[in-house]
2 protein chains.
Amino acid sequence: MPPRPNADPATPLPEASVPRWDAELDVVVVGMGAAGACAAIEAARAGARVLVLERAGGGGGTTAVSDGMMYFGGGTALQQACGFEDSVEEMTKYLMASCGPEPDEARIRVYCEESAAHYDWLVELGVPFKAEFYPERMLSPGEEGLTYSGNELVHPFRDLAVPAPRAHMPQKEGQAGAFLMQKLCAEAERAGSQVVTNVLCERLILDTRGRVVGVAGTLAGEPRHYRARRGVVLCAGGFVNNREMIRQYAPALRKARFRASTEGDDGRGIRMGMGAGGAAIRMSMGSVTLPFYPPKKLMRGIFVNRYGQRFMPEDVYQGRAGEIALLQQEGRVWLVLDDESFERPVFAGGEIHAAETIAELEAELGFAEGTLQSTVALYNAGAERGEDPVFHKASEYVAPLRTPPFGAIDLSWDKAIYAAFTLGGLATDTEARVLNPDGDPVPGLWAAGRTAASISSPGYSSGTSIGEAQIFGRIAGRNAAQATRAED
Amino acid sequence: MPPRPNADPATPLPEASVPRWDAELDVVVVGMGAAGACAAIEAARAGARVLVLERAGGGGGTTAVSDGMMYFGGGTALQQACGFEDSVEEMTKYLMASCGPEPDEARIRVYCEESAAHYDWLVELGVPFKAEFYPERMLSPGEEGLTYSGNELVHPFRDLAVPAPRAHMPQKEGQAGAFLMQKLCAEAERAGSQVVTNVLCERLILDTRGRVVGVAGTLAGEPRHYRARRGVVLCAGGFVNNREMIRQYAPALRKARFRASTEGDDGRGIRMGMGAGGAAIRMSMGSVTLPFYPPKKLMRGIFVNRYGQRFMPEDVYQGRAGEIALLQQEGRVWLVLDDESFERPVFAGGEIHAAETIAELEAELGFAEGTLQSTVALYNAGAERGEDPVFHKASEYVAPLRTPPFGAIDLSWDKAIYAAFTLGGLATDTEARVLNPDGDPVPGLWAAGRTAASISSPGYSSGTSIGEAQIFGRIAGRNAAQATRAED
């Protein structure tokens with residue numbers, strides 16, 4: 001059976017096949033989300049002639065539809081203003097412990113080292129932050145600038161690194177992400193970048209030595225070829241909206257009913273990089289959020305798996321809860337409560353079961369006899385002393401489950417809200433260069449944002465995506481601007 | 001900082017850059033392990049002029065250093081001769097249940113449908129099998145032809161599919177894998193395939209339409225270019241011996257001290273396919289064996305994780321035990337025994353702890369108070385009735401743990417023997433065509449063996465690697481031989 005004649009659309013185009021160049025610049029940036037805008041700003045400031053190609057009608061990307069939360073630390077001005085101490089060392093320790101199982105130490109270190117200065121850079125750009133701390137470990141309804149968005153206060157992380165709140169929120173009622181992107185896009189243009197919208201980029205253009213020298217795409221259906229004398233920066237989002245790629249690379253994410261994304265997260269940027277020899281790594285990984293709280297009172301319950309066993313401290317961040325539940329427990333989890341701790345989750349949905357005794361609840365849930373009883377007995381024994389010696393939940397959420405009726409909220413993937421986006425993408429180094437499977441750079445190519453593999457795998461703390469996008473986007477833009485010209 | 005000037009060595013070569021063709025044939029097969037030999041046999045039998053390029057001094061590949069076990073079923077002549085019933089349907093059900101979490105149903109179905117006929121094909125080739133069943137669920141020291149090599153008898157699989165033994169062993173004292181490969185290689189040459197050894201293949205050659213039309217490599221350091229008029233079949237092994245690829249794609253496998261592989265499993269075949277647009281999928285997956293038995297008596301113990309919880313039935317196959325322990329329990333597991341069940345594992349190694357009571361053992365292992373005691377109490381409660389209501393271990397291995405002293409064998413990754421190989425590779429369809437990330441075939445390219453992503457992810461049953469290699473190798477060879485010629 002002969003193969004169908006359609007090769008991968010992301011196959012690179014040889015320079016010799018370019019009919020004519022529609023434009024010729026130093027640096028071409030593909031995509032104008034947080035990463036692309038930051039790359040464009042830095043490349044233009046470094047003196048390069050920069051062209052940004054955006055497929056949508058305007059810049060913004062997925063950051064513009066997000067809450068705009070950014071994970072920064074190491075002692076930012078905002079952390080200091082709110083009275084929190086932090087250091088590069090403690091932030092690095094936290095990310096190294098939480099971004100596992102196999103964290104990218106070199107990139108994490110750069111992320112932490114650049115973090116405080118990058119915060120100042122944003123402020124200088126006119127992004128305001130209110131120096132007020134919101135203690136609730138969830139999105140503030142108000143304008144507070146700083147909160148926790150990870151597992152800094154949760155076992156084992158609180159013992160591995162000195163906790164500090166690191167989620168920085170722009171001061172803006174409503175959609176802070178869109179506001180943030182307005183500022184970044186305006187600065188990119190002000191710095192001299194040229195922006196063309198409605199261009200769908202599809203292939204990289206390589207010279208005979210394999211160096212990336214341009215981008216091919218279409219504008220209103222018409223082919224376009226843009227020459228990049230110094231380099232191309234791919235900032236075109238993730239792939240959670242590419243059904244076939246999800247099926248092939250990250251099938252477990254199909255169980256998450258919601259996707260934190262825009263239409264642009266269709267994997268095109270990653271595919272273009274792969275076509276030029278880039279390695280796509282951590283492709284099965286995703287950030288998965290299970291918003292089982294608010295109300296936080298629900299943290300007083302215990303999560304169990306289908307064997308009636310606990311598997312995590314219940315004061316985990318929503319993102320970690322979702323990852324563990326979906327990826328390690330096959331999306332089959334229940335939150336067990338007593339009459340004192342029971343409430344309905346505000347967002348998570350789920351299916352509610354109730355019974356007069358734990359033994360009856362165990363039978364109602366179809367668990368083997370003795371399993372849930374044994375788990376509750378062990379938990380209660382510690383809880384009587386205000387302790388959770390097994391999973392080390394913070395004592396404020398520890399109380400024996402003893403007041404009937406008892407309840408269980410089935411938060412399995414087919415009953416509850418899980419929201420996912422992809423963390424896999426092109427392998428990059430601390431200079432944001434795209435790497436091939438040997439770990440060597442693909443000449444002329446940089447990547448940032450969700451087109452690059454995340455520092456998390458998964459172990460996600462909210463705000464690192466926009467944080468990584470900005471910090472490595474800036475590095476990519478600077479490096480591309482300073483690269484040797486292709487013709488030299 | 002400019003990039004270093006070395007692009008991915010697997011970047012495809014444009015046909016126009018080929019200085020001259022050293023040979024021109026219909027089908028070029030890269031690698032002569034089980035997959036390559038089978039592809040060569042079928043392509044030659046279909047009338048194609050076939051060239052096999054092998055990097056080593058002779059054919060054999062990783063199959064030649066293996067025990068030669070092959071997973072076949074659906075009612076093979078050997079199964080029937082040994083008095084076992086099996087069907088395509090039950091074999092499919094078993095593999096669909098065990099090759100999870102996301103099995104490739106279409107390819108599993110073909111594997112099962114082709115299985116019995118392929119067994120006959122091997123017999124016809126002169127591979128002998130002794131019609132005797134070995135009941136021990138491990139490698140026989142004798143010449144018995146049939147045994148169990150997976151979790152067919154283990155919960156939940158025994159309830160999801162009618163169990164049948166499916167591991168087929170050639171009748172040959174000593175290294176049956178080498179013997180099997182002698183037969184396959186001899187037949188490939190007899191059928192008319194030309195074999196060139198000591199050729200290291202490095203790049204695919206593409207025509208201007210993106211179709212694969214040849215292979216570039218080196219013979220004794222000299223460049224060689226081989227034209228494949230109908231197609232190229234990549235059968236060049238996995239990547240467990242490529243340190244950088246393991247670091248990038250499958251870092252968890254670094255914890256396994258042993259690798260089931262040859263030097264050739266360096267990822268070159270996968271890389272060549274990626275360079276031509278093929279998607280490399282399931283790249284983080286591996287088969288991991290923890291040989292905690294023999295002796296099988298050890299299955300009477302209970303495996304616990306660092307929370308003192310059980311996590312699998314202890315009568316699982318060694319392969320499943322290794323996967324679960326290393327990939328789901330972070331390689332931190334202990335086998336808890338009493339004086340009746342204790343023995344030293346023959347192969348696994350491990351560190352032995354002992355105590356007079358379970359409470360003392362719990363403290364000795366550093367588990368939280370009450371955890372192991374609670375687990376043993378729950379297990380013993382069922383075991384008193386000869387049952388394991390939680391994990392459903394077969395009753396012959398269920399007995400209460402009550403005779404002191406109690407022991408625990410620390411079988412964590414840094415104390416015990418884990419053996420791994422990669423299961424990730426190029427995405428292929430039921431026709432063994434290499435697929436791009438859209439799911440479309442890369443024209444002119446087929447793959448089989450460990451160069452292709454496995455049907456398992458992981459959920460490995462021993463013998464499926466050599467089984468897949470042969471069955472999809474044959475399909476690849478047939479299809480390549482019948483493909484339209486590139487120049488037509």
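## Charges over rings

In chain B, the charged end of B:R474 sits over the ring of B:W121, at 4.0 Å from the ring centre; a charge is said to sit over a ring if NZ of Lys or CZ of Arg is within 6 Å of the ring centre and within 35 degrees of the ring normal. In chain A, A:R107 lies over the face of A:F472, 4.8 Å from the centre of that ring.

This is a predicted model, in which local features need pLDDT of at least 70 and side-chain atom pairs count only at pLDDT 80 or more, while totals for chains, interfaces and linings use all residues. Residues are numbered from 1 along each chain as its sequence is written, chains are lettered from A and ligands numbered from 1 in the order in which they are written, and side-chain values use heavy atoms, with hydrogens and water left out.

## The interface of chains A and B

Chain B and chain A bury about 4800 Å² between them, 53% of it on carbon and sulfur atoms; buried area here is the accessible area (1.4 Å probe) that two parts lose on being put together, summed over both. The contact (heavy atoms within 4.5 Å) takes 55 residues from chain B and 55 residues from chain A.

Between the two chains the count is 2 salt bridges, a salt bridge being a side-chain nitrogen of Lys or Arg within 4 Å of a carboxyl oxygen of Asp or Glu. In one of them, the side chains of B:R271 and A:D438 meet at 3.2 Å, N to O. On the side of chain B that touches chain A, at least two residues each are supplied by α7 (243-249), α8 (268-275), β13 (280-281), α11 (371-383), β22 (441-447) and α12 (464-482) of chain B, and β22(B) gives the most, with 5 residues. Helices (H or I, at least four residues) and strands (E, at least two) are DSSP runs, numbered from the N terminus.

## Aromatic pairs

A pair of aromatic rings is described by the distance of the centres and the angle of the planes. A search of the whole structure finds 24 aromatic pairs over all chains, where rings of Phe, Tyr and Trp (its six-membered ring) pair if their centres lie within 6.5 Å, and planes under 30 degrees apart count as stacked, over 60 as edge-to-face and the rest as tilted. Among them is the edge-to-face pair of A:Y94 and A:F157, with 6.0 Å centre to centre and 80 degrees between the planes. A:Y94 lies in helix α3 (residues 88-98) of chain A and A:F157 in helix α5 (residues 157-160) of chain A, so this pair ties together parts that are 63 residues apart in sequence. Both A:Y94 and A:F157 are buried, a term that stands for under 20% relative accessible area, with exposed meaning over 50% and partly exposed in between (1.4 Å probe, protein chains only).

The rings of A:F239 and A:Y249 have their centres 6.3 Å apart and their planes at 75 degrees, so they too form an edge-to-face pair. A:F239 is in the loop between β11 (222-234) and α7 (243-249) of chain A, and A:Y249 is in helix α7 of chain A, 10 residues apart; both A:F239 and A:Y249 are buried. Elsewhere, ring pairs link A:F292, A:Y293, A:F303 and A:F311 into a cluster.

Of the 11 residues of helix α9 (residues 318-328) of chain A, 8 are buried, so the helix is largely enclosed by the rest of the structure. The buried residues include A:Q318, A:E323 and A:L326, and what covers the buried residues of α9(A) includes β14 (286-289) of chain A. Just after α9(A), A:E330 takes a positive phi of about 55 degrees.

A:P295 is found in the loop between β14 and β15 (302-304) of chain A and is buried, with a relative accessible area of 17%. Leaving aside neighbours within four places in sequence, A:P295 is in contact with A:E343, A:R344, A:P345 and A:V346; A:P295 and A:V346 are 51 residues apart in sequence and 6.7 Å apart in space, C-alpha to C-alpha.

## Backbone details

A cis peptide bond, with omega about 0 degrees, joins A:H155 and A:P156, and A:P156 is found in the loop between β6 (144-147) and α5 of chain A. In chain B, the peptide bond from B:P294 to B:P295 is cis, with omega near 0 degrees.

B:A220 has a positive phi of about 50 degrees although it is not a glycine; B:A220 counts as exposed at 72% relative accessibility. Phi of B:H392 is near 60 degrees, and B:H392 counts as partly exposed at 29% relative accessibility.
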